[in-house]
Amino acid sequence: MELWIQPCAPCAELYGQPSTVEPHDNLTLNAAGAVKDAQAEQHFTCIRCGAAFARIVAGPVPRQVWLLLNAGQH
Ligand SMILES: [Zn+2]
């Protein structure tokens with residue numbers, strides 16, 4: 001698994017957006033069984049750049065955002 005990726009433009013744009021924003025076309029929903037709490041978050045992988053996202057869908061509203069799990073540090 002590639003841990004440090006360079007997100008493609010739609011991924012870079014999605015990062016940090018509220019979870020009410022819909023996933024872009026290259027994101028595929030990971031199997032719910034792979035996620036600890038599928039009620040609280042959904043995990044997506046980008047087929048273009050390999051970015052792994054967590055879409056937080058429960059808890060305090062300010063924390064319900066798109067998190068990029070494997071972005072490179074700059
Ligand atoms: Zn991407």
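Trainee: Which residue in S4 does arginine 55 stand opposite?
Mentor: In this predicted model, arginine 55 stands opposite tryptophan 66 in S4.

Trainee: And which residue is the bridge partner of glutamine 42 in S3?
Mentor: Arginine 55 again, this time as the partner of glutamine 42.

Trainee: How many bridges do S3 and S4 pair over?
Mentor: Three, in the antiparallel sense, with strand S3 covering residues 52–56.

Trainee: What about S2 and S3, how many bridges there?
Mentor: Five, also antiparallel; strand S2 covers residues 41–46.

Trainee: How many residues sit between S2 and S3 in the hairpin?
Mentor: Five residues lie between the two strands of that hairpin. Glycine 50 is in the turn, and its phi is positive, about 85°.

Trainee: Now S1 and S2, parallel or antiparallel?
Mentor: Antiparallel, over three bridges. Leucine 27 has cysteine 46 in S2 as its bridge partner.

Trainee: So what is the strand order in the sheet?
Mentor: The order is S1-S2-S3-S4, in an open sheet of four strands with antiparallel pairing. Strand S1 (27–29) and strand S4 (66–68) are the edges: each has a single partner strand, so one side of each has no neighbour in the sheet. From one strand to the next, the twist averages 30°.

Trainee: Zooming out, how many helices and strands are in the protein?
Mentor: One helix and four strands. Along the sequence the pattern reads α-β-β-β-β.

Trainee: What share of the residues count as buried?
Mentor: 18% of the 74 residues.

Trainee: Which residues make up the largest nonpolar core?
Mentor: There are nine: Cys11, Leu14, Leu27, Phe44, Cys46, Ala51, Ala52, Phe53 and Trp66. Helix H1 (9–14), S2 and S3 are the elements that give two or more residues to this core.

Trainee: Take leucine 14, what does it touch beyond four places away in sequence?
Mentor: Leucine 14 touches Val21, His24, Phe53 and Trp66. Phe53 and Trp66 are listed in the core as well.

Trainee: Switching to alanine 54, where is it found?
Mentor: Alanine 54 is in strand S3, and leucine 67 in S4 stands opposite.

Trainee: Why does alanine 54 count as partly exposed?
Mentor: Alanine 54 has 18 other C-beta atoms within 10 Å. A residue is buried at 20 or more and exposed at 12 or fewer, so a count in between is called partly exposed.

Trainee: What does alanine 54 touch, sequence neighbours aside?
Mentor: Setting aside residues up to four places away, the contacts are Glu41, His43, Leu67 and Leu69. Separately, the C-alpha atoms of alanine 54 and asparagine 30 are 9.9 Å apart, with 24 residues separating them along the chain.

Trainee: You mentioned Leu69. Where is leucine 69 found?
Mentor: In the segment after S4. Beyond four places in sequence, leucine 69 is in contact with Ala52, Phe53 and Ala54.

Trainee: How many other C-beta atoms does leucine 69 have within 10 Å?
Mentor: The count is 13, and leucine 69 is partly exposed.

Trainee: How far apart are leucine 69 and tyrosine 15 in space?
Mentor: 9.7 Å, C-alpha to C-alpha, although 54 residues apart in sequence.

Trainee: On that theme, what share of contacts join residues at least 24 apart?
Mentor: 42%, taken among contacts between residues at least 6 apart in sequence.

Trainee: Last topic, glycine 59. Buried or exposed?
Mentor: Glycine 59 is exposed, with 10 other C-beta atoms within 10 Å. That residue lies in the loop between S3 and S4.

Trainee: What does glycine 59 touch, leaving out residues up to four places away?
Mentor: Ala40 and Gln64.

Trainee: And how far is glycine 59 from glutamate 41 in space?
Mentor: The C-alpha to C-alpha distance is 9.8 Å, and the two are 18 residues apart in sequence. Glu41 also came up as a contact of alanine 54.

Key: Residues numbered from 1 in each chain as written. Predicted model: local features only at pLDDT ≥ 70, side-chain atom pairs only at ≥ 80, totals over all residues. Pairing = 2+ DSSP bridges. Axes fitted to C-alpha atoms, helices over the stretch in contact; angles between N-to-C directions. Contact = placed C-beta atoms within 7 Å. Core = buried A, V, L, I, M, F, W, Y, C linked by C-beta atoms within 7 Å.
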